[in-house]
Amino acid sequence: MPSFNTPDEVYAFLNLFLNFERKIDPVEYRLDRMHSLKKIYGEPDTAFQTIHVAGSKGKGSTSTMLARIVQQKKNGVGLYTSPHLLYFTERIAIDGEPVSDEILLASAAELAAGLESRLAEDYPGGEEPTYFELLTMLAFLCFRRAGCWIAVIEVGLGGRLDSTNIINPIASVITPIELEHTEILGDTIEKIAMEKAGIIKTAIPVFVNSARGDAIAVFREKARCENAPLLLLSEEMELSDISISADGTRFSMAGLKGGDSAYKKIFTIPMIGKVQAQNAALAALSARALGFSWQQIEGGLAKARLRARFEILPLIPAIVLDGAHTPDSIHACAEDFATVFPGGGILLFGCAKDKNAEAMAFELQTQFREVIITKPGTFKESDTRSMSTAFLAHGFSTEKIEDTKLAIETARSRSLEKKLPLLVCGSFYLCAEAAALFGSQKT
């Protein structure tokens, strides 16, 4: 049986396979290979219960909150998310910590053994499994080996054809929808919502947070066709008195329909951002409907943390890492930055070539006047010239530095010189580069 000695060796093995995360061009997604892999490994995803989470933004935070809530009942809770910030083992967590080397290495050996002697033509479509398909299967193998009783599974991309959509969950959760990955998911909210709605299963409850009527209509119709009970956050819960600070987010949450759901309480959570109140409410709604107590919900939310979601590194001046890379998420990030740091700041920005830099520059213009443009590392293709053009068009004082490490160091020097906090945004990969340079903070 193949063996591995370190997590790095496992990561190198996985990267021998096609990695769509590195690609910009449209690619074909399919589920038949995952069903084939399930059979090879004895359907590991059936060894534990699952909660499936999709959406355009907030799904990582909501997944993390749900996992922490569920853990309040008992340990043995898996969490599968993406992307990772510094180490790929962050994607496969058990009880709030990256999977142990012992579980990972044994599960990776099991994964590799199942692939031995199999050729591309042995798989549906005549192609080998991809990096993400194998990573997903590795997560399932880890959770089974660790004896997890439940796992929260975040969709990688879309939903309908995502590699995770082979599970039979006890609940489907859908966070807010926006235009994203349009070359793959479609160029309208309705088309993207249809892809996300693909995780809705027959008779399985679905919990939705959306303010967009066009998306809600899609989810309601899909739920009706699948005879799946649908609970919409705006119809079930009311949020008020939302405030944020460098210490976290405070808000009041109350049920709208009487009875047990009329619970009302002020929550304080460590994750910073007005949107995090929405994510927490969706997690609470889902967990409560699944039978978890309000005490468990409070306890779980108080422990939920996630890297590069308005993460403030404890430096002076502060460095804020936020993986926001869509206009809506950048808008929320800029508003939160202005609240926590009303004196302004320095901006370091880099995004992948397929992102809307012009729209993001528009959202950032009211809070920042000075920006350093760079590549978000080497993982994805980017275009610093078009980024610079976009920011110049919105009146920014713009400096372009192709070398990512030099750009980060320059931005930090500017921050120190002007005694202003630094915001790093536009890409999780850029945040990862900054986190690696300034030290990993335990969360």
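A residue is termed buried when its relative accessible area is under 20%, exposed when over 50%, and partly exposed in between, as computed with a 1.4 Å probe on protein chains only. The structure is a predicted model, in which local features need pLDDT of at least 70 and side-chain atom pairs count only at pLDDT 80 or more, while totals for chains, interfaces and linings use all residues. Residues are numbered from 1 along each chain as its sequence is written, and side-chain values use heavy atoms, with hydrogens and water left out.

Backbone geometry is described first. Most residues other than glycine have a negative phi, and most peptide bonds are trans. Ala308, although not a glycine, has a positive phi of about 60 degrees; this residue is buried, with a relative accessible area of 0%, and is placed in the loop between helix H11 (294-301) and strand E12, where helices (H or I, at least four residues) and strands (E, at least two) are DSSP runs numbered from the N terminus. Asn227 likewise has a positive phi, near 55 degrees, but is exposed, with a relative accessible area of 60%, in the loop between helix H8 (213-225) and strand E8 (230-232). A cis peptide bond joins Ser82 and Pro83, with omega about -5 degrees, and Pro83 belongs to the loop between strand E2 (77-80) and strand E3 (92-94). Another cis peptide bond, with omega about -15 degrees, joins Ile316 and Pro317, the latter in the loop between strand E12 (311-313) and strand E13 (319-322).

Two helix pairs were then examined, with axes taken as lines fitted to C-alpha atoms over the stretch in contact and angles running from 0 to 180 degrees between N-to-C directions. Helix H4 (residues 101-115) and helix H5 (residues 131-145) have axes that come within 9 Å and cross at roughly 125 degrees; H4 and H5 are therefore oblique to each other, given that angles under 35 degrees count as roughly parallel, over 145 as roughly antiparallel, 65 to 115 as roughly perpendicular and the rest as oblique. Contact, meaning heavy atoms within 4.5 Å, involves residues of H4 including Ile103, Leu104 and Leu111, and residues of H5 including Met137, Leu141 and Cys142. The residues of this contact divide into 11 nonpolar, one polar and three charged, where Ala, Val, Leu, Ile, Met, Phe, Trp, Tyr, Cys and Pro count as nonpolar, Asp, Glu, Lys and Arg as charged, and the others, Gly among them, as polar.

Helix H12 (residues 327-340) packs with helix H13 (residues 357-364) at an angle of about 20 degrees, the axes being 9 Å apart, which makes H12 roughly parallel to H13. Pro327, Ile330, His331 and Ala334 of H12 meet Ala359, Met360, Glu363 and Leu364 of H13, a contact comprising six nonpolar, one polar and one charged residues. Six of the eight residues of H13 are buried, so this helix is largely enclosed by the rest of the structure. The buried residues of H13 pack against H12, strand E14 (346-349), helix H14 (384-393) and strand E17 (422-425).

Finally, a search of the whole structure finds zero disulfides, a disulfide being a pair of cysteine sulfur atoms within 2.5 Å. For Cys142, the nearest cysteine sulfur, that of Cys148, is 9.0 Å away, and Cys142 is buried, with a relative accessible area of 0%. For Cys333, the nearest cysteine sulfur, that of Cys425, is 5.2 Å away, and Cys333 is buried, with a relative accessible area of 2%.
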